[in-house]
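Student: Please take a close look at one part of this structure for me, the place where the two chains meet. I would like one connected account that also covers what lies behind that surface.

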Number of protein chains: 2
Amino acid sequence: MNRIYLDNAATTPLDPEVMEAMLPYLSTHFGNPSSIYSYGRETRLAVENARKTVARIVKASPGEIFFTSGGTESDNMALVAAVEDLGCRHIVTSAIEHHAVFHTVEHLQKKHQLQVSYVAVTPNGHIDLAHLKTLVAGSSQRVLVSLMHANNEIGNLLDIEEVGAICKEYNAIFHSDTVQTLGHYPLDFSKKWIHFATGAGHKFHGPKGIGLLYVSDEVSIHPLIHGGGQERNMRAGTENIYGIVGFAKALELADAHLDKDKQYILSLKHYLAERLHQQIPELSFNGDWNGESLYTVLNVSFPRTEKTEMLLMALDLQGICVSGGSACSSGADMGSHVIRALRSTPGVPIRFSFSKYNTREQLDEVLRVLAQLI
Amino acid sequence: MNRIYLDNAATTPLDPEVMEAMLPYLSTHFGNPSSIYSYGRETRLAVENARKTVARIVKASPGEIFFTSGGTESDNMALVAAVEDLGCRHIVTSAIEHHAVFHTVEHLQKKHQLQVSYVAVTPNGHIDLAHLKTLVAGSSQRVLVSLMHANNEIGNLLDIEEVGAICKEYNAIFHSDTVQTLGHYPLDFSKKWIHFATGAGHKFHGPKGIGLLYVSDEVSIHPLIHGGGQERNMRAGTENIYGIVGFAKALELADAHLDKDKQYILSLKHYLAERLHQQIPELSFNGDWNGESLYTVLNVSFPRTEKTEMLLMALDLQGICVSGGSACSSGADMGSHVIRALRSTPGVPIRFSFSKYNTREQLDEVLRVLAQLI
């Protein structure tokens, strides 16, 4: 059975070109980058070249780029630093953040007795910016705003430059989980409207186990993980060289083909949306799917029936991989906290998420299987 | 120029068999293990099989095995948990710990106003167990003992079961950085004499960027990194599947050939020691090199002369990779804190560290080059 993979917001297959770039560092180029001899210098060079590549693409300086083990560690590091190093005593966030932020905020709230406010979310899943401004402006303490650039479940995009402007006006610290947008949208940190941003290699055809934390040089923080002097004393531990090389290569490829890939993937999203609407008129679309939304994500709710209740599993049996929400919580099987927060549709939510490797033929096959199943 | 790599305590080359085991997870088996469909189930299975393999080898239950991004993260997680979750207010450690412990203890001391005591070290680099007992017995607060199983610079081995017994007697928590011994010595956690132990894949021909934290099921702790429910809610973030698969495969291979490799590598160490002693009689050996010591490490001090001052670099120019101490601090170029703590030899310390891939011919070549250089 040929599998059809439509869960690219959970993870993406590694680009063969990225794999190619990584392989030398899995074999001959294995030195510890902290070692001073030739084996170490060649891997040190690879790490620093990767840092420069990433910095160039997000328009930051190499000194603002830190490699971590993934998006979750990066989010944790930023949030902990904002509270413990930058004096933020009030976190303004939303109920539709990824668990890497949501649960870390809960943990910090309890640990440090912080004030936490949740910005209102509009019915179609956008952050209410007027409410955000009220919350930040009305705070008597230094605020950390943590709002994701794009929601991983419904795809809604936030105007992060606007949020950055609000934060600047009130001297708040701004962190954004940009895991779903890095490698998919151009990010430009040169104008200093954000303090922390995060990325994960495996969301744009790079490797798992490697992440990015952008830290604006306007703030000075401590590490989350202490030890050796790696990452300029900011993230201890022997560098995951193949991961770092793969991350930079994947971002480079994504950036080089961004417009072409975007256009192609958006056409897939629109195609599937139109056909689904024709085929199952009772189906509803979650989030601002046809507006400010990731071109990689389409989240729909099927009318709840005996047949759609088990839709994920039925699709899996036909070799079709889609999800009901975030992979990070699907094991927990508690349904989506994002869909719950929207309180919109009583149906069965399914997230289709696309990559450059998907085709119209695959979508036709999905539509055919859905027609059979429902 | 053929390079001779004798810095295996810093990092080891990946075993081609390990690479082979990892490759499918870098290509076709890429699903997010938290996803419920087939792609996710096959990687979930790989992760849980890896956990079982590791558990079997260290004689733990799979529920006591957690995968992290490396030895440093594991050390940080254990130390933070002992202080923040288990109520330890007094840390007993040594001045010759790896920076992953040393600097993390310093950080925790400052953050939580902890008491920290440093156990005396004997002139040949062993932990003074009588002093340790006095410190633990005399404490009015709950103690965390953190002492490494084998010193990464001089190779001295600690009797960790004896330390575990002392800790048990006084209800202290015991953490050991076992990064240099996992995969090189049999570890048996079934007798519950230790609470936390750590490992790093790249120290035994596995991949970088992946580590182990053993947590005894006698203690209950919180995660260091919050977010999704991965690792049974103990370590959030999409799993580094290839890393996890590679870690388990490398440990399995190391365990299967442990005695044979040990015998072979020990013969290399003894061969080099004897020849060095004959060739340069003024040279001294650091640590208990011929007693309770890693078979993988030989640390010697060359008499300090104009020629030996630049020995590391001169050897590097001849394609020979050795180090002056820990790779994690060599970038800092401040000399070795371990050698300083021993206050023994005024010479120029060089660490030779061996693996199964080294040969006598390589050592002969090193001896030949040394004869030329000195």
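Tutor: The model is a predicted one. On the side of domain 1 of chain A that touches domain 2 of chain A, the elements giving two or more residues are α9 (258–279), β10 (297–302), α12 and α13 (337–342) of chain A. Of these, α13(A) gives the most, with five residues. Sorted by kind, the residues on that side are 12 nonpolar, 14 polar and five charged. The rule finds zero salt bridges across this boundary.

The domain assignment itself places residues 4–12 and 258–373 of chain A in domain 1, and residues 16–256 in domain 2. Domain 1 of chain A brings 31 residues to the contact, and domain 2 of chain A brings 35. The C-alpha centres of the two domains are 27 Å apart. About 2800 Å² is buried between them, with carbon and sulfur atoms giving 53% of that area. Three residues, A:Leu258, A:Leu294 and A:His337, supply 24% of the area that domain 1 of chain A buries against domain 2 of chain A, which is more than any other three residues supply.

Now to the place where the chains meet. The size of an interface is often given as the accessible area lost when the parts come together. Between chain A and chain B the buried area is about 5200 Å², and carbon and sulfur atoms give 59% of it. In this contact, 61 residues of chain A meet 61 residues of chain B.

The largest share, six residues, comes from α4(A). By kind, the side of chain A that touches chain B has 24 nonpolar, 26 polar and 11 charged residues.

Side chains of opposite charge can pair when their charged atoms come close. Six salt bridges are counted between chain A and chain B. One of them joins B:Glu84 to A:Lys111, at 3.0 Å from N to O. Over all chains, the whole structure has 34 salt bridges. Another of these links A:Arg351 with A:Asp7, whose closest N and O atoms are 2.9 Å apart. A:Arg351 is in strand β12 (residues 348–353) of chain A, while A:Asp7 is in the loop between β1 (4–5) and α1 of chain A, so this pair ties together parts 344 residues apart in sequence.

How are the two chains placed relative to each other? A rotation of 180°, with 0.0 Å of shift along its axis, superposes chain A on chain B with an RMSD of 0.0 Å. This is the relation of a two-fold axis. In chain A, A:Ser69 has the C-alpha nearest the axis, 3.0 Å from it. The copies meet through the same surface, because 100% of the interface residues of chain A are also interface residues in chain B.

Note on methods
Residues are numbered from 1 along each chain as its sequence is written. Chains are lettered from A and ligands numbered from 1 in the order in which they are written. This is a predicted model: local features need pLDDT of at least 70, side-chain atom pairs count only at pLDDT 80 or more; totals for chains, interfaces and linings use all residues. Side-chain values use heavy atoms; hydrogens and water are left out. Contact means heavy atoms within 4.5 Å. Buried area is the accessible area (1.4 Å probe) that two parts lose on being put together, summed over both. A salt bridge is a side-chain nitrogen of Lys or Arg within 4 Å of a carboxyl oxygen of Asp or Glu. Helices (H or I, at least four residues) and strands (E, at least two) are DSSP runs, numbered from the N terminus. Ala, Val, Leu, Ile, Met, Phe, Trp, Tyr, Cys and Pro count as nonpolar, Asp, Glu, Lys and Arg as charged, and the others, Gly among them, as polar. Domain bounds come from an automatic or database domain assignment. Copies are superposed by least squares on the C-alpha atoms of residues with pLDDT of at least 70 in both.
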